[in-house]
Amino acid sequence: MTRTAFITGITGQDGSYLTELLLEQGYEVHGSVRRTSTLERSRLAHLYADPDIYNQRLFLHYADLDDPTTLRRILHRVQPQELYHLAGQSHVGLSFEIPETTCEFTAMGTLRLLEILRDLPEPPRFFHATSSEMFGRPAQSPQTESTPLAPINPYGCAKAFATQMVRVYRDSHGLFMVNGILYNHESPRRGENFVTRKICHAAAAIKLKQQKELSLGDTSAQRDWGHARDYVRGMWLALSHAVPGDYVFATGKVHSVQDVIETAFAAVDLDWRDYVRFDSHFLRPSEPLHLVGDASKAKAELGWSPTTSFADLIREMTQAELGALSLKEPQGNA
Ligand code: GDD
């Protein structure tokens, strides 16, 4: 029998890769989309264009996390067996500017969804995409599923609340619910205001004389960066497993923003020193420290491990930018 999955945040980086994976696995896929004045669905464009897929095996519904009545109605109608909750305000720096919106969507939006699921006649298996940001500045490195939560920004606080609520609903109501503790994961489909995409885009644009320089904040900041395609496979494996639990998805390797710069500029044969500038505008009021994950549990129980190295990831992203930008006209000299 065909399995049905529902994805919140289907138009995002992870939503688009997960949609492809689930379609490959024979699922019928439904997703909720926000109404906006622009139609931001480019990551799914290749699937819309396929008449055998769009409105045959892939369906989109207007709904939002602050509109539980609509979500409830759609979930009653679709009756998915699996629900992947990827939506939310996901930019950490921005969460200092819009803390209430961040908590409204990322924290309360998740709780509203849990309340809807609890009332469904047959609640779906539920995957919550949570974040390493809820560890803040942990005493323990690498972090595991049992590392204490100590968030240091509004985004991390919202994720910590939602993560703990998922645990409460799993333990108290007996629902099949999983927290995927996701470390940074990137790809050519990453949003343009995240640092890897911003750097890879700039390296390619400077190479093609479409941009003159690149302004960044703290380039000493370190993260555990993997490829988004690997992480959505982990999501699916977690919901296919016999029992629900929490899983860290990470590479276990740390790199700095400076490493991203050097790898991306080397990929286009440029010396980064000629183009990269510091701009305090991109500094954050606080930075997490030592965020690096131990994915041993996901490996042992789900057979999951990352397949793409840091250098290959950054090179792939830079090449993709070169390809996309080559279609545009040059706008000036470097
Ligand atoms: N965005 C951005 N822009 N970050 C910069 C810049 C800049 O110009 N300059 C330096 N950075 C530093 C940030 O201060 C941060 O330390 C690091 O680059 C990574 O920033 P982001 O790419 O914005 O990602 P993030 O680590 O804050 O958050 C991402 O990963 C989390 C998982 O750990 C997001 O995807 C979150 O949604 C996710 O939960």
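View 1. Leu 313 is buried, at 0% relative accessibility; buried means under 20% relative accessible area, exposed over 50%, and partly exposed in between (1.4 Å probe, protein chains only). The model is predicted: local features need pLDDT of at least 70, side-chain atom pairs count only at pLDDT 80 or more, and totals for chains, interfaces and linings use all residues. Residues are numbered from 1 along each chain as its sequence is written, and side-chain values use heavy atoms, with hydrogens and water left out. Leu 313 belongs to helix 11 (residues 310–326). Helices (H or I, at least four residues) and strands (E, at least two) are DSSP runs, numbered from the N terminus. Leaving aside neighbours within four places in sequence, Leu 313 is in contact (heavy atoms within 4.5 Å) with Glu 186, Ser 187, Trp 225, Gly 226, His 227 and Thr 308. Thr 263 is 50 residues from Leu 313 in sequence, and their C-alpha atoms are 9.8 Å apart.

View 2. The ligand has 23 residues around it, and Ser 90, Ser 131, Ser 132, Tyr 155 and Glu 287 come nearest. The shell divides into nine nonpolar, seven polar and seven charged residues. In this grouping Ala, Val, Leu, Ile, Met, Phe, Trp, Tyr, Cys and Pro count as nonpolar, Asp, Glu, Lys and Arg as charged, and the others, Gly among them, as polar.

**View 3. Side chains at the ligand oxygen atoms.** A polar side-chain atom of Asn 184 lies 2.7 Å from an oxygen atom of the ligand, and one of Arg 190 lies 2.8 Å from a ligand oxygen atom. For Arg 223, a side-chain N or O atom is 2.7 Å from an oxygen atom of the ligand. The protein covers 96% of the 720 Å² of accessible area that the ligand has on its own. Accessible areas come from the Shrake-Rupley method with a 1.4 Å probe; for residues, only the protein chains shown count as cover.

View 4. A salt bridge is a side-chain nitrogen of Lys or Arg within 4 Å of a carboxyl oxygen of Asp or Glu. Arg 223 and Glu 133 form one at 3.6 Å, N to O. This pair links distant parts of the chain, 90 residues apart: Arg 223 is in strand 9 (residues 222–223), and Glu 133 is in the loop between strand 5 (125–131) and helix 6 (154–173). Arg 223 also meets Glu 287 in a salt bridge (3.5 Å, N to O). Glu 287 lies in the loop between strand 13 (276–278) and helix 10 (296–302), so its pairing with Arg 223 in strand 9 ties together parts 64 residues apart in sequence. Relative accessible area is 8% for Arg 223, which is buried; Glu 133 is buried at 5%, and Glu 287 is buried at 18%.

**View 5. Asp 64 and Arg 34.** The side chains of Asp 64 and Arg 34 meet in a salt bridge (3.1 Å, N to O). Asp 64 sits in the loop between strand 3 (58–62) and helix 3 (68–78), and Arg 34 in the loop between strand 2 (28–33) and helix 2 (45–48), so the pair ties together parts 30 residues apart in sequence. Asp 64 counts as buried at 17% relative accessibility.

Note on methods. Near = heavy atom within 4 Å. Polar contact = N/O pair within 3.5 Å; in protein donor to acceptor, adjacent residues only side chain to side chain.
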